[in-house]
Amino acid sequence: FPEGFRWTPEASAAVLPLVFHFWTRGSPETVRFGDGTTRLVHGGNVAVIYYDRGLRTAWCQLLPGMHINADPADQVNPFATLVIVTRGQARSRIGGVERILREGEAVLVTAGTAHEVWAGPGDYAECILVMFGPGA
């Protein structure tokens, strides 16, 4: 973003739909996700599926050693996040409680709850993220 840019609700409403269209291909708009289609975001490989006001969705990959939201400044959102583990497993700390997130599980992180997810030396995970509500 240019110097002086401030992330406001108005800026979010203008930028997020454009971000989604940046990732899509053709008509109907198709989003590819998987190896080689991601960007490093908050410590994990992420491909945006759909972003708009009040709803953000993404595919996420955690390779061994990756740590999403390792920085405490990134650990709390003003909106809820649903983490759906579609492959493998990862370790997490949600609201101060550590647990393993396993394939076939979904966990809801409520708005205002500190959370981080990481892949240990033998871990690998793929997840679908659904972030929703005011501020998403």
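Reader: Hi! Let's start with S2 and S3: how many bridges join them, and do they run parallel or antiparallel?
Author: Hello! In this predicted model, S2 and S3 are joined by 7 bridges and run antiparallel.

Reader: Nice. How many residues lie between the two in the hairpin?
Author: The S2–S3 hairpin has 2 residues between its strands. Gly 54 sits in that turn, with a positive phi of about 85°.

Reader: Which residue in S3 is the bridge partner of Val 46?
Author: That would be Cys 60. Cys 60 also stands opposite Cys 127, a residue of S9.

Reader: Is S3 mostly covered or mostly open?
Author: Mostly covered: of the 8 residues in S3, 7 are buried.

Reader: Let's talk about the core. Which residues have the most contacts inside the largest nonpolar one?
Author: They are Cys 60, Leu 62, Val 83, Leu 101, Cys 127 and Leu 129, in a core of 23 residues. Strands S2 (44-52), S3 (55-62), S5 (80-94), S7 (106-109) and S9 (124-132) each give two or more residues to this core. As a general point, nonpolar side chains tend to be buried together in soluble globular proteins.

Reader: And what does Leu 129 touch, leaving out residues up to four places away in sequence?
Author: Leu 129 touches Arg 56, Thr 57, Ala 58, Cys 60, Leu 82 and Val 83.

Reader: Switching to loops: where is Asn 77 found?
Author: Asn 77 is in the loop between strand S4 (67-68) and S5.

Reader: Why does Asn 77 count as buried?
Author: Because its relative accessibility is 18%, and the cut-off for buried is under 20%. Beyond its neighbours within four places in sequence, Asn 77 is in contact with Ala 111, Gly 112 and His 115.

Reader: What about Asn 69, what is its phi near?
Author: Phi of Asn 69 is near 65°, which is positive in a residue other than glycine. Most residues other than glycine have a negative phi. Asn 69 lies in the loop between S4 and S5, and Asn 69 is buried, with a relative accessible area of 6%.

Reader: Last one: what is the phi of His 42, and where is that residue found?
Author: His 42 has a positive phi of about 55° although it is not a glycine. His 42 is in the loop between strand S1 (39-41) and S2, and counts as partly exposed because its relative accessibility is 48%.

Technical notes
Residues numbered from 1 in each chain as written. Predicted model: local features only at pLDDT ≥ 70, side-chain atom pairs only at ≥ 80, totals over all residues. Heavy atoms only, no water. Core = buried A, V, L, I, M, F, W, Y, C linked by side-chain atoms within 4.5 Å. Buried < 20%, exposed > 50% of the residue type's maximum accessible area, 1.4 Å probe, protein only. Helix = DSSP H or I, 4+ residues; strand = E, 2+ residues; numbered from the N terminus. Contact = heavy atoms within 4.5 Å. Pairing = 2+ DSSP bridges.
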